Amino acid sequence: MKLKRQKPKEKFSYDPQKVLKKLEDLAWKILEEAKSGKNPYFDVPTRGLNNVYFDEESRLIRLGDRLSRRYFLNVAHARKFMQTLILMAYIKRLVSEGKHASLREAYYANKHTVPGTRENTFEDQSESDPIIEDLERMLGVLREEMHITADRRGYIYGDIVIKDGEDEFNASKLGTGGWAVPGTVEHIQFPEINVDYVLVVETAAMADRLIEEKYPKRENCLIVATQGQASRGVRRLIHRLHYEEGLPIIVFTDGDPYGWYIYSTIKRGSINLAYLSEKLATPDAKFVGMTMDDIKEYNLENVTEKLKGIPPDKKGGPTGDYKRLIEELNYPWFQDKEWQRQLKLALKWGVRIEQQALANKSLEFVAKEYLPEKIREGKLLP
Amino acid sequence: MAEAKDLFKEFKVQSVSEFFRRNAAMLGYTGKIRSLTTIIHEAVTNSLDACEEAGILPTIRVEIEELGKEHYKVIVEDNGPGIPEEYIPHVFGKMLAGTKAHRNIQSRGQQGIGISGAVMFAQITTGKPTRVITSTGGEIVEAWVKIDVQKNEGKIVKKVKHPNPKGWRGTRIEMEVKDVKYVRSRQGVYWYLKLTAIANPHAYIELVEPDGKLVVFPRSSEEIPKPPVEMKPHPKGVMVDDVYTMAHRSKRSSVKRFLVSEFSRISEKKIEELIKYVAAIRLLKSEQNEEIKEKLREKLINGDVDSVLRSFGRKWKKEVEKVAKIMEKPPEKLTWQEAEEIVEAFKLMKFLAPPTHGLRPIGEENIKRGLTGILKPEFVTAVTRSPKVYAGGIPFQVEVGLAYGGQISGSEILRYANRVPLLFDAGSCVITSAVRSIDWKRYKIDSFDSAPLVVLVNVISVHVPYTSTGKQSIADIEEIYNEIRLALMDAARKLALYLGGKYRRMYQIKRRKTLEKYLPEIARSLHILTGEPEEKIREYFLKLIESKIEVEEVESVEVEEAEA
């Protein structure tokens, strides 16, 4: 199987004006309600697992339609009501001035004493972060689109040209360290794309290995190192590379419940950010490894590691990796036959296999044999 | 013989003071603090009663001067009707007069010997006479009174008359006492007067303490209570001694006439019934077979007196005739045993409940005034229950008052019997146990002991069942206990309603404050978002708050609302 760039399904859609309009519309709704003597409110989609479901049709983890109504005249809500408006005003300024702020900056910028009281507008960042999440859900707008950046993590390497504001550069000409993905990728544009697919790699060590082995050049792909669980920026970037640029997405993680969950997050979205699945997830992504089958296939039995925690059939179990495996077995988005088999094998054998265990063969093995073979032969999991 | 006569005299002298000493507890003269309180009690009670009877709003001034260690001068002055000169020895000197003992009247005193006991106490401890200054409006009489223990009556040892150009009227008594102590405790004079002031809101009472400090308990009601009326005793409420004594004093022609006219609820027909009962009781006593006796007794209790009599065959008619003769003889000929039989019969017979017009409660309004005037609470409520009877026929009435918050700092139970504060033996009193039995949590009082709550309970009766001769605690009688509880629960419901409203109002105020404090932030943010002027936005929201959250004016409405 030869991976090729496909026709894009989405267009670059970032438009600060849209965000501003949404903010102002909501503010006007509130103001009009107050004017006409009604109790102004925000409708906030409820957070948490019980307002999350797996949408079989779109194959995404999505947010349910449960709302909680936040009224001004309710003393229990009033403070959050005020905080929401403060942050809305702040975001309006950020977006219209073309500035970005981190969550922490947003917190500090808006923290002050409420006049005439000894109360602060925000006592702690744990008060402002959820309000920003609420706004994302209320407005259906990414935090990044509101110019609030998340923690950055992850980098890319490969022959694509990136336009980031006034800078334009090729991501394969920045040295072996690649280009660090910023917190916000909304404004990033891709004037030139010379790769056939994207290989998402869990560990930086493995990404570095592949870059050193010139894998991206040879296989004509873009490496995305997530460095653990993919950050929002990376997930959004993957989403955009697939939908806006038509690049197939292949994910390469450790063969353990944690690695597989990284894949699932990229593919299906996450429970916490279920409301963003449409913008962050990439249901078309495929999984190359590591799998339990790889252990047999490549004779890696002696480099597996034992799963951590207590197995379900032992007293006090399941805990640790076992518990995670059982959870995954039960998630609706892990019900695929292939995946159920992998999970059950892991449970049965009680082992995990790391990406870097492939170095047991040789350093080049992963770049020259394992990945090319598996991808060429289409040995991918859905 | 002369020697014997002297001895006898000596014996008599001893016996009166001996009587006083022996009955000190009953008379209230035990303990240094309590003795002083009792003196004040007797004097103030006299003043209040006199004013009440004369229809005067009482103004009473109490002064206590410290003359030495446990040596005080006590002065009580009132604006009452004054005492006519010829009555002075009687009022202040007659020991054991028993003026109240056989009057079936709800009175404050009921302590037996009244102010003369105080005079006696002063005389015993310091040997000094009591100085009385009084006027009924004419000339002022100043008299020094002692008790002649031999004659058991008052003796004026010195008397001076003064002109009364300003028309002063009232009574002032001064006495020197030893072996007493002034302490500002829960058993002391201060506390006694405070409680008296609460239960007598129509009185103005002031106290000058030994250190010169003036304490004023202001008048909070202009309404003079009606004096209690004497009630004929109810057959269920009398003891053998009462019947015997009354009979011997009676001037009626026969026992029958005496019973019909000097007791309430006894008619001619009842006398016939009484005769049958007494006869039945006599016959029953002669019965040897315990089993039959018990059966018949039960029948008698059930009121089937006729069948009890008939069961004795022919004997009963004779017995009835015998008893009927008792009814025809003069009352002073009534024997103790006969009186005993009559009282026993009374216990078995059924009578109409006694009239209650003789009971004089403080009244809900006056309790509220008293509590408000003296304690300055933020909320008061009071409940006066309708009269009930206990022990089958003794009328009594319960009233309670609750005062909450304001200047009240802790919880307190104020006990009264016929308006007289009970300061001692709280632990054994039915009032204490009834108050404690209430589940105060149900009435929004989380912890009774730490709540700013004063509970007043007044038990009114012509015959308050005290636990002991000290008359400081009321016996645990089920009917009284239940009435106190019902009254308390009724009042507590009103308190709970008030507290509910208070919390609601406090919540509304808090709510409004909370919302208003966020307005500047909200207005500023909405101004940035919409471009509308901040001032206008603030106005919209302020109007919104005002229209949606109503907060009544606080202080002024509360008491009224609670009364509704």
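Here are some questions about helices, a sheet and an annotated site.

Modeller: Before you start: this is a predicted model, where local features need pLDDT of at least 70, side-chain atom pairs count only at pLDDT 80 or more, and totals for chains, interfaces and linings use all residues. Residues are numbered from 1 along each chain as its sequence is written, chains are lettered from A and ligands numbered from 1 in the order written, and side-chain values use heavy atoms, leaving out hydrogens and water.

Biologist: Why is α9(B) called oblique to α12(B)?

Modeller: The axes of α9 (residues 268-286) and α12 (residues 315-328) of chain B cross at roughly 125° and come within 8 Å. Angles under 35 degrees count as roughly parallel, over 145 as roughly antiparallel, 65 to 115 as roughly perpendicular, and the rest as oblique. So α9(B) is oblique to α12(B). Axes here are lines fitted to C-alpha atoms, for helices over the stretch in contact, with angles from 0 to 180 degrees between N-to-C directions. Helices are DSSP runs of H or I with at least four residues, and strands are E runs of at least two, numbered from the N terminus.

Biologist: Which residues of α9(B) and α12(B) meet?

Modeller: Contact means heavy atoms within 4.5 Å. Among the residues that meet are I271(B), L274(B) and R282(B) in α9(B), and W316(B), E319(B) and M327(B) in α12(B). By class, that contact has 12 nonpolar, no polar and four charged residues. Ala, Val, Leu, Ile, Met, Phe, Trp, Tyr, Cys and Pro count as nonpolar, Asp, Glu, Lys and Arg as charged, and the others, Gly among them, as polar.

Biologist: What about α15(B) and α16(B): what is the angle at which their axes cross?

Modeller: Roughly 45°, with the axes of α15(B) and α16(B) coming within 9 Å. These two are therefore oblique to each other as well.

Biologist: Over in chain A, what makes β10 and β15 the edges of the sheet?

Modeller: Two strands pair if DSSP finds at least two bridges between them. The open sheet runs β10-β7-β13-β12-β14-β15 in chain A, with mixed pairing. β10 and β15 of chain A each have a single partner strand, so one side of each lacks a neighbour in the sheet. β14(A) and β15(A) pair in the parallel sense over three bridges.

Biologist: And how do you know that the "binding site" residues cluster in space?

Modeller: The UniProt annotation covers E202(A) and D254(A). They are spread over 53 residues of sequence, yet the largest C-alpha distance is 7.1 Å. E202(A) is in the loop between β12 and α5 of chain A.

Definitions and conventions. UniProt positions renumbered as here; feature names shortened; annotations may be inferred.
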